[in-house]
Amino acid sequence: MAAPSSTDLRRYRANWQEEIDSAARYRAMADGEKDSGRAQVYRDLAGMEEKHAGFWEKRLTDAGAPPGPRRLSTRARVLVWLARRFGADAILATVAADEYRGRRGYDTQAETAGTRMRNQERLHARLLGSLAARPRGASGAELGQLEGRHRNVGGNALRAAVLGANDGLSSNLSLVMGVAGAAPDQKAVLLAGIAGLVAGAASMALGEWISVTSSRELAERELETERTEIELEPEDEREELELLYRAKGIDPSEAKTLSQEIIAKPEAALDVLAREELGLDPQELGGSPWTAAATSFVLFSFGAIIPLIPFFIVRGSSAILWSVVLSAVALFGIGAAITLFTGRSVLRTGLRQLVLGLGAAAVTYGIGRLVGVAVG
């Protein structure tokens, strides 16, 4: 194996420092935590980070660049002080965000291949996310309901329908207005609008197919890795499962018993660990790419046809006017529908969507007029 480059050594040192800081943060959170169950979870996390720090320390030492004594970064010292002075919750959200951002940081680093470090980093992100989302005193069942609601937000079919229709409406309205401004010929506008509808819908469908297929392939790879780890290191997987349950508020002895029962059945263990550790549903793996593509095509087309409808019925400036009116109503309606997810004012969000959509259409219409005059 080739000797590590200077770039590799800098990366090793950065990883080493981050693991030292993380371990110190978790120890401080354990010290400042009144709940004994949570405190033990933080101590267990600190132990994992200590092992990770040791991994990078050995890499540096073997490469002839020993890192020297362990010192905390300035940011870590501040967070440690806050946790010990005001309690673990004072920095929980910050640490959870850090773990979430870095949950896949080791996935592309060859040195961690074949180790448990990649899965453990994702585990840390999920654990901290669970603790940050869990109200004080909430039961494990209540936490499960809370996490279910969080997963549903932003990922349901209704949201996809609203945003897909909005993409089609906004893009094709701008295209139709641009062509109408340049050459208000009925056939030219219809031809451009239909071409925009088909091209946009096909592009959206292809993009959705590629996205879902890639996600499924990644999920399948992670499931296979998890299956192998359950076969080769069942006790390590059991400990991770126990830690997840304890983070959800389950009594330590019950969490241990439950994890032992689950790990004794490999397929059941794979299903549970995929959901709890990886955040995957083994039965769905993100859904069907063909269904996603077809749905995206239909929804985009639905929105894109709206500004074209008047041009099939009337001609000239009347068609342009009615296209704008019909699209304005649809834009406001889409803005109102978006409030189902944001909880904001219907009037404010609807008007914002209306102004942005019509503003884009006005700009393209103006550009079309300028181009039409120049060409004429």
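**A threonine in a loop**

Modeller: Thr112 is buried, with a relative accessible area of 0%. Buried means under 20% relative accessible area, with a 1.4 Å probe and protein chains only. This is a predicted model: local features need pLDDT of at least 70, side-chain atom pairs count only at pLDDT 80 or more, and totals for chains, interfaces and linings use all residues. Residues are numbered from 1 along each chain as its sequence is written, and side-chain values use heavy atoms, with hydrogens and water left out.

Biologist: Where is Thr112 found?

Modeller: In the loop between H4 and helix H5 (117-133). Helices here are DSSP runs of H or I, at least four residues, numbered from the N terminus.

Biologist: Which side chain makes a polar contact with Thr112?

Modeller: That of Arg118, at 2.8 Å. A polar contact is a pair of N or O atoms within 3.5 Å; within protein, one must be able to donate a hydrogen and the other to accept it, and residues adjacent in sequence count only if both atoms are side-chain atoms. The backbone oxygen of Tyr106 also lies 2.8 Å from a polar atom of the Thr112 side chain.

Biologist: And what is Thr112 in contact with, leaving aside neighbours within four places in sequence?

Modeller: Trp56, Tyr106, Met117 and Arg118. Contact means heavy atoms within 4.5 Å.

Biologist: Trp56 takes us to H2. Which residues of H2 are buried?

Modeller: Trp56 is one of them; others include Tyr42, Leu45, Met48, Glu49, His52 and Leu60. H2 covers residues 36-62 and reaches 39 Å from its first C-alpha to its last. That is close to the 39 Å expected at 1.5 Å a residue, taken as 1.5 Å times one less than the number of residues.

Biologist: What happens at the ends of H2?

Modeller: At the start, a side-chain oxygen of Asp35 reaches to within 2.9 Å of the backbone nitrogen of Gly37. Just after H2, Gly64 takes a positive phi of about 80°.

Biologist: New topic. How do H3 and H4 pack?

Modeller: H3 (residues 74-86) and H4 (residues 89-101) pack at about 140°, with their axes 8 Å apart. Axes are lines fitted to C-alpha atoms over the stretch in contact, and angles run from 0 to 180 degrees between N-to-C directions.

Biologist: Which residues make the contact?

Modeller: Arg75, Leu79, Leu82, Ala83 and Phe86 of H3, with Ala90, Ile91, Thr94 and Asp98 of H4.

Biologist: Ala83: buried or exposed?

Modeller: Buried, at 0% relative accessible area. Not counting residues up to four places away in sequence, Ala83 touches Ala28, Met29, Gly32, Ala88 and Ile91.

Terms used:
Helices (H or I, at least four residues) and strands (E, at least two) are DSSP runs, numbered from the N terminus. Buried means under 20% relative accessible area, exposed over 50%, partly exposed in between (1.4 Å probe, protein chains only).
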